[in-house]
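Here's a quick tour for someone meeting this structure for the first time. Have a look at the sequence and the 3D view, then read on.

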Amino acid sequence: MAEELKDIVLKYVKKEYLEEDADMDLTCDTPLISGGIVDSFSMISLKLFLEKKFSISIPDAKATPQAFDSVNKICTLVREFRPEA
Amino acid sequence: MSNIGSYEDRVALFDWSISERELGYKKGDIINIGWYCSDRICQLGNGSKKALLWENHEGLTKQYTFDDLRVYSNTIATFLQRLGIQPGERVCLFMDRVPELYIGFLGVLKMGAIVQPLFSNFGDESLHTRLSNAKTCAIITQRKHVAKVRKILKDLPDLRHILVVDAGASPLKERELAFDLASEPKVEQFDCYPSKAETPSVLHYTSGSTGQPKGAQHVHYSLISQYLTSKWVLDLQEDDVYWCNADPGWVTGTSYGIIGPWSNGITQAVLDAGFGSEHWYAFMQKYKVTVWYSAPTAIRLLMRDGTQVVRKFDLSSLRHLASVGEPLNAEAVHWSREAFGRPFHDTYWQTETGCIVITNVPGMQIKPGSMGKPFPGITATVVDLHTFEPLTEPGKVGLIALRPGWPSQIRTYWNNQAGFESKFKNGWYLCGDRASLDPDGYFWFVGRDDDVINTGGHLVGPFEIESALLEHPAVAESAAVATPDNVNMEVVKAFIVLKPGNPPNDDMEMDIINLIRKRLSPLAMPQKLEFVKSLPKTRSGKIMRRVLRAQEFGEPVGDLSTLEND
């Protein structure tokens, strides 16, 4: 299940936040916010996606740039609200 | 001792010739911003002084002296000239905060072209709207953004050259060429274009209530305002290390992220990275930043992480803090006193003013939550919403109005003189914001006077969003309005009427949100979306955004006599 969660998030980030012909190798540890791939406004769309996809509600206090800074960190956040994911 | 000294004395004795004298400019002289920000500083004997301390998110660092700025901007100017680009043509800068963006800005101006900086997070449609309107002839960009240019290239017949600053070995396509600043032969001598006071310099696009974004046309004489306001409001002094958070895709990032500090010969630090409170504090600690120009949205994000994080860093170098983009709430002023031992000073201005016009200068008593007072040389008041006569009653809400004629005021909107002229009433330039004045002459911000959405300090036009929403196959009609937000003051909310046979669901919601984010920009992306059966309209069919906006803010909806019957 853990790998499936990572795959879903990684695939979504690649599809939605990288340009089609971007020659970037995005991994689960690539810095997303501090690396400028996902800006603080786009982070909201990522949060919405996670909430809808995993039927969770992430409070604003938890939706910090640090918590969204990589696919791995995002997965940790999702599991806080959906331990079985 | 601050540069401005006594505010009252400065107001009483003010003349813009103070700035002209300090810059060694006389009426009728050549005035080229690119030269003033590099060559002149070298001529003053400061060529070896650090001009740019740059770092990116990976920790890569680069440093440039003022002499480096001079030579590298010469190099870029020469390269553009050899491509056949003529003075007065538009050259777009479409990059993250890399050194080529800052130095390229000077290079374009030096060879007489008009520089058109655009926010690198813009999507292809936002880019197309602005390049097409300006008939831009060249764009300087990075490999990571070139795909967006390729998508719209066939619809941009005027765009002759696409310069990629980090092309490396990646294959280039139609109209593209590699431009590597470091490996290009350095140009020691360059004859700057002999621009005069009224020669166009910078073209910044800004959003309004109606129609597509307008190109705010600045001239080289804007330097006179930008130099002096940087010196007096931001209090930039010889040994300062200055950090401006703004991206040069927006006017703050050029007026006060390039022109202001460098025409004053000040060292500035630039961090090419996304937001992160610890990263920001570590950056300021490392470069011993002394003057910091930020924005309320960023300050509120820092507040959310608390003062304990601040205590982990040595920020004792900080001596002056200022803020711009949206009203600075009183809580942020109080918090900055607690966190940094000094308050943020609010500054108010906009793309069209080119420089700070209402502000809290160093030494002035700050009333937390107030915008401050007019900068010396700026005649500002609040006028009646209908008669446009100045209001004399303290506390009464009206429109912020400025007496035209300061050096950095825009001269027109690109190809839209009528739009420019519509901003003036009864001899006043109207900023489009509502405020009141207190008995001490302090301005207090109330809100926008139109449908423009101020999100995170950036103005977003509803028309542009609604036009893009219609590109979604399921959207029949829509209205984009502001809704309150704790961090960004306002964010975009879209009300959507779907075409028959398209039931709303989560996938469609994300699809619509992501469409706007990618086609326009993350700023324009609706953070909230509501599917509705119909929209409030006038009898003539015009969508009444103000009704929806009032609902969002819990305000009275006002006169509904023109509302169409249900």
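## A β-α-β unit in chain B

Strand E5(B), helix H8 (residues 143-152) of chain B and strand E6(B) make up a right-handed β-α-β unit. Right-handed means that, with the strands pointing away from you, the path from the first strand over the helix to the second runs clockwise. Helices (H or I, at least four residues) and strands (E, at least two) are DSSP runs, numbered from the N terminus.

This is a predicted model, where local features need pLDDT of at least 70, side-chain atom pairs count only at pLDDT 80 or more, and totals for chains, interfaces and linings use all residues. Residues are numbered from 1 along each chain as its sequence is written, while chains are lettered from A and ligands numbered from 1 in the order in which they are written.

## Strand E5 and its neighbours

E5(B) covers residues 138-141. Strands count as paired if DSSP finds at least two bridges between them. Four bridges tie E5(B) to E3(B) (residues 90-94), running parallel, and B:Leu93 sits opposite B:Ile140. Four bridges also link E5(B) to E6(B) (residues 161-164), again parallel, with B:His161 as the bridge partner of B:Ala138.

In a regular strand, side chains alternate between the two faces of the sheet. On E5(B), B:Ala138 and B:Ile140 lie on one side, B:Ile139 and B:Thr141 on the other, and all are buried (20 or more other C-beta atoms within 10 Å of a residue's own, with C-beta atoms placed from the backbone).

## Confidence

The predictor gives the complex an ipTM of 0.91 and a pTM of 0.92.

Key:
A residue is buried if 20 or more other C-beta atoms lie within 10 Å of its own, exposed if 12 or fewer, and partly exposed in between; C-beta atoms are placed from the backbone.
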